[in-house]
Amino acid sequence: MTIKVLDPTAEGPAALALPAPALPTLHGARLGLLDNGKIRVDRFCDFVEEILRAEHGVAEVVRRRKRNASAPAPDDVLADLLACDGLISAVGD
Amino acid sequence: MGARILEMADAFEANEVFGRSGWTDGLPIVPPTPALVTAALDAALLAPDQVVGVEPVRGLAITAEKVAVNAVMAGCRPADLAVVAAAVEAMCHPAYLLHGSAASTGGSAPLVVVNGPIRTELGLNATDNALGGGGANVVIGRALRLVLINLLGCVPGVLDHSTLGHPGKISFCVAEDEEGSPWIPLAKERGVPDGVSAVTVLACAPPRQVMNEWTTVPEEICETFAAEIRANMCGYSIWPGNYVLVVPRQLRDLLTAAGWAKADVRRYVWERARVSRGDWEAWGKGALVERGDPAQEFRALESPEDLLVVAAGGSAGGFAAVVPPWLGNRARAVTAGIGVCLACGPEEER
């Protein structure tokens, strides 16, 4: 005698957010850099931008900043970042 | 039923498999059999595929069936599901800031305040040990945690990056003692009609208990509340927002004997719950004082209405609790009707 139980987890493709494929090269790329708005993340991003340009040949870095680290970036910020070849969005805390 | 069916030897194996799979909060679960889940959905008049809420950031739809599965696991009786579903609906409102509150290092818990006739129908606890369990409060609060874990991936170290979290994350549900208070119930203050049950949900830091059994003067009682909020502003977060204030019978009796209603409590605390930038110095946060004018003033409440006063607690003792917001005004309290849609109307009125 067995019992049947139901899966408690989210099922289906909506539960999955897949990362985008990696860029073939950073050389000449236009990258977005999203500052989550916490204190000194702007300084941290300065270093990231410097490294991206000097060591990886990134051509352009589009810097944007969120006002609320715990909420999604607003639509106008996302629109600017979507125009980039790639995006770096990290948690600065 | 659309959920995948798993076959287990018995309830013990179900507990072992669910625990090993990361589908629990660490406590034992009631195996969610199709019969129990169906009974809960029937009691709440919910169709299995009905979308209870959509998490706004990732767009994840939460179905009634999955909420019911997690509610059964938490130990909910069929009739409890309606409260859980209403709380999930409220948490999915953008103002609640579900994704951020569930992921933040700040470690918040959804505090659920239940109002209306369903409190007595379900035997929810609003009196002795009001914040410490009893009645179905515990399983309703726990069901929300399991929903967060299993349906939104709020697993510690994965999406949930709470530095500490707090015990309210296990379960944090209180009913208002409407029968023991002459004050207007919270849900009614927030626009819910008489006779309709409702939940009010807020992402909260842990409760801060205070005690004042040394006065009968309403201003002094409320000064204790305001002082605790000031301490929270310096020690935890300066952001203004929805603070919850749980007031027990003994203090309510003194306040009402002096003619004070909730509005009077709110007005006093709103006026007194403010600190200056310079106050941070004494809290080891001198670095913040240097960032502006030390005389700059901050209020905990942008308006008196931001204070959510809840009548709850045992008959003896001058113990009250301030429950601070997790992230000030960026995450607001949201009220939802239980088994009804407060925002719905006939087609032409929408």
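1. Contact and the model. Two residues are in contact if their C-beta atoms, placed from the backbone, lie within 7 Å. This is a predicted model. Leaving aside neighbours within four places in sequence, His56(A) is in contact with Leu26(A) and His27(A).

2. More on His56(A). This residue is found in helix α1 of chain A. Is His56(A) buried or exposed? His56(A) counts as exposed, because it has 12 C-beta neighbours inside 10 Å and the exposed class covers 12 or fewer. Ala79(A) lies 23 residues from His56(A) in sequence. In space, the two are 25 Å apart, C-alpha to C-alpha.

3. Chain A overall. Chain A has two helices and four strands. Read from the N terminus, the elements run β-β-α-β-α-β. The globule rule gives 12 Å for 93 residues, and the radius of gyration of chain A is 18 Å, well over that value, so the chain is more spread out than a compact globule. Its C-alpha trace spans about 65 × 30 × 25 Å along the principal axes. Buried residues make up 16% of the 93 residues in the chain. Now take the contacts in chain A with a separation of 6 or more. Residues 24 or more positions apart account for 74% of them.

4. Strand β1 (residues 3-6) of chain A and strand β1 (residues 5-8) of chain B run antiparallel, joined by four bridges. Within this pairing, Ile3(A) has Met8(B) as its bridge partner.

5. Strand β6 of chain B. Which residues of this strand are buried? Seven of the seven residues of β6 (residues 198-204) are, so the strand is largely enclosed by the rest of the structure. In a regular strand the side chains alternate between the two faces of the sheet. Here Ala198(B), Thr200(B), Leu202(B) and Cys204(B) point one way, while Val199(B), Val201(B) and Ala203(B) point the other way. Both sets are buried.

6. Partners of β6(B). Strand β4 (residues 109-115) of chain B runs antiparallel to β6(B), with seven bridges between them. Val112(B) stands opposite Val201(B) in β6(B). Strand β13 (residues 334-337) of chain B also pairs with β6(B) in the antiparallel sense, over four bridges. There, Ala198(B) stands opposite Gly337(B).

7. The nonpolar cores. In soluble globular proteins, nonpolar side chains tend to be buried together. The largest nonpolar core in this model holds 118 residues. Which of its members touch the most others? They are Val84(B), Val199(B), Leu245(B) and Val246(B). Apart from this core lies another, of nine residues, among them Leu52(A), Val58(A), Ala73(A) and Leu81(A).

8. Leu245(B) and its strand. Not counting residues up to four places away in sequence, Leu245(B) touches Phe225(B), Leu307(B), Leu308(B), Val309(B), Val310(B), Ala320(B) and Val322(B). Val322(B), in β12(B), is also the bridge partner of Leu245(B). Strands β8 (residues 243-247) and β12 (residues 319-323) of chain B pair in the antiparallel sense over three bridges.

9. The four-strand sheet. Strands β8(B) and β12(B) belong to an open sheet with the order β7-β12-β8-β11 and mixed pairing. Strands β7 (208-211) and β11 (307-311) stand at the edges, each with a single partner strand, so one side of each is left without a neighbour in the sheet. From one strand to the next, the twist averages 20°.

10. Two positive phi values. Most residues other than glycine have a negative phi, and most peptide bonds are trans. Arg40(A) has a positive phi, near 70°. It sits in the loop between β2 (30-35) and α1 (41-56) of chain A. Arg40(A) is exposed, with 10 other C-beta atoms within 10 Å. Leu45(B) also has a positive phi, near 55°. Its place is the loop between α2 (34-44) and β2 (51-55) of chain B. Leu45(B) is exposed, with 12 other C-beta atoms within 10 Å.

Technical notes. Residues are numbered from 1 along each chain as its sequence is written. Chains are lettered from A and ligands numbered from 1 in the order in which they are written. This is a predicted model: local features need pLDDT of at least 70, side-chain atom pairs count only at pLDDT 80 or more; totals for chains, interfaces and linings use all residues. Two strands pair if DSSP finds at least two bridges between them. A residue is buried if 20 or more other C-beta atoms lie within 10 Å of its own, exposed if 12 or fewer, and partly exposed in between; C-beta atoms are placed from the backbone. A nonpolar core is a set of buried Ala, Val, Leu, Ile, Met, Phe, Trp, Tyr and Cys residues joined through C-beta atoms within 7 Å. Axes are lines fitted to C-alpha atoms, for helices over the stretch in contact, and angles run from 0 to 180 degrees between N-to-C directions. The radius of gyration is taken over C-alpha atoms; the globule rule is 2.2 Å times the number of residues to the power 0.38.
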